Amino acid sequence: MSLYNCKPKETPPEIPDFTTGYKDVKLPDVTQTTPVAVTSTPGSITASTTATTVSSDLSAAQVTTVVTTTASDVQKVVTPTDAGKLATAFTPAVVNTMLSGGAIPADLSASMKAIAANPALASYLPKVTNPSVNGIVVSGLVKEIPPSSKDIDDPVIALPDFDVADVTASPCIEAAQVAYDAARKALDANKVAQEKIVNDTYATRIAGISSATCKTTATAALTVAATAAKTKLDQQLAGLNTLLTNKTISQDMYNLLSFFVYFDLYNSVVAATGFYSATVKACDVIADAAMAAAKTAQTTDLAKIKAAYDATLASMQTTYNNSIKTCHDQGQG
């Protein structure tokens, strides 16, 4: 008896524990970005010092130097007769319409605009400083601040482009694939969880942004201004009537000063209405800017998550490739 070409039966190579290559695979915690703060300045209306003094003196039925000077300044622009006609055109109905935000007759409006543009009466006009948002002055016609960011759709990430050629299924390769798939599933879940936190924060921030209260405050301020203007008008007209009745002033001077009273009212209402429009617009601009800042913060954080996810996935691909090579080095596949 003899043995020819005998050799012991080969023992299958031991399959490595590929899960150790993906131990503690997770995305770093994301510190959420704080939205950029929106800065705003409310603006103001400053009444003419001269007009305020005249108003006070007329309400007290006093003829002071500033009152006579005002009558002279008005006469540089309109005659006493025309002044009387313009004053008469401001009927109680016209005044109430104007104070409630309505339009006065077109011819009267045109006359008042032309007179207000005359340099001789410039010192009697109120000064308006419109509100500003993030350093930009807001007028009633200002456009919305465009969002500083857009929604970015994450591109679909393809499965790893493994660089191992001619991979043949084997228990070792299958084990490597199972380990990779489990790690990938955990990583995907980690990414979804982090994105939810960021998106939930964004939703909470947006829910807390509103221009409603701001607009309500502006409307209330306009109502207060209109009431104060009507009170001042009535007091000045009462004082003028006293002066005329007592023959302290002539009819011509009465005409000039009564026109001035309505001139002052008209310009005060124009200033208040324009300022109100700008203020209401600023309320929307502030809200839009806050929303844009929240969106920018959200986009920034989602981008950080995606960058970390891509980097981790690339590292996992390298680990997987090395696992496959290990299987080949063992003679499998």
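**Labels and their cut-offs**

Modeller: Let's start with helix H5: its exposed residues Ala106, Asp107, Lys113 and Ala114 sit on the face turned away from the buried side. This is a predicted model, where local features need pLDDT of at least 70 and side-chain atom pairs count only at pLDDT 80 or more, while totals for chains, interfaces and linings use all residues. Residues are numbered from 1 along each chain as its sequence is written, and side-chain values use heavy atoms, with hydrogens and water left out.

Biologist: Which are the buried residues of helix H5?

Modeller: In H5, which covers residues 106–116, they are Leu108, Ser109, Met112, Ile115 and Ala116. Buried means under 20% relative accessible area, exposed means over 50%, and partly exposed is in between, with a 1.4 Å probe and protein chains only. As for "helix", that's a DSSP run of H or I with at least four residues, while a strand is a run of E with at least two, both numbered from the N terminus.

Biologist: What makes the buried residues of H5 line one face of the helix?

Modeller: Looking down the axis of H5, they fall within an arc of 130 degrees, so they share one face. That arc is taken from the directions that run from the helix axis to the C-beta atoms.

Biologist: On to the cysteines. How do you know that Cys172 and Cys327 form a disulfide?

Modeller: Their sulfurs are 1.9 Å apart, and the definition asks for a pair of cysteine sulfur atoms within 2.5 Å, so the pair qualifies. The torsion about the S-S bond is -80 degrees, a left-handed link.

Biologist: Why does Cys172 count as buried?

Modeller: Because its relative accessibility is 0%. Cys327 is buried too, also at 0%.

Biologist: How many disulfides does the structure hold?

Modeller: Two. Cys214 and Cys283 form a disulfide as well, with a sulfur-to-sulfur distance of 1.9 Å. Here Cys214 is in helix H7 (residues 212–245) and Cys283 in helix H8, 69 residues apart. Counting bonded cysteines along the chain, the pattern is 1-4, 2-3.

Biologist: Why is the disulfide of Cys214 and Cys283 called left-handed?

Modeller: Its S-S torsion is about -70 degrees, so left-handed is the label.

Biologist: What makes Lys215 and Asp284 a salt bridge?

Modeller: Their closest N and O atoms are 2.9 Å apart. A salt bridge needs a side-chain nitrogen of Lys or Arg within 4 Å of a carboxyl oxygen of Asp or Glu, so they pass. Lys215 is in helix H7 and Asp284 in helix H8, so parts 69 residues apart in sequence are tied together. Both ends are partly exposed, Lys215 because of its 28% and Asp284 because of its 23%.

Biologist: How many salt bridges does a search of the whole structure find?

Modeller: Ten. Among them is Glu195 with Lys191, whose closest N and O atoms are 2.7 Å apart; both residues are buried.

Biologist: Why are Glu195 and Lys191 separated by about one helical turn?

Modeller: Because they are four residues apart in helix H6. An α-helix has 3.6 residues a turn, so residues three or four places apart point the same way. Lys230 and Asp234 also meet in a salt bridge, at 2.9 Å from N to O, and they too are four residues apart, in helix H7.

Biologist: Last one: where does Ser48 lie?

Modeller: In the loop between strand E2 (44–46) and helix H1 (49–59). Ser48 is buried because its relative accessible area is 8%. Leaving out neighbours within four places in sequence, Ser48 is in contact (heavy atoms within 4.5 Å) with Ser123, Tyr124, Leu125 and Pro126. The Ser48 side chain reaches the backbone oxygen of Ser123 at 2.5 Å and the backbone nitrogen of Thr50 at 3.3 Å.

Methods: A polar contact is a pair of N or O atoms within 3.5 Å; within protein, one must be able to donate a hydrogen and the other to accept it, and residues adjacent in sequence count only if both atoms are side-chain atoms.
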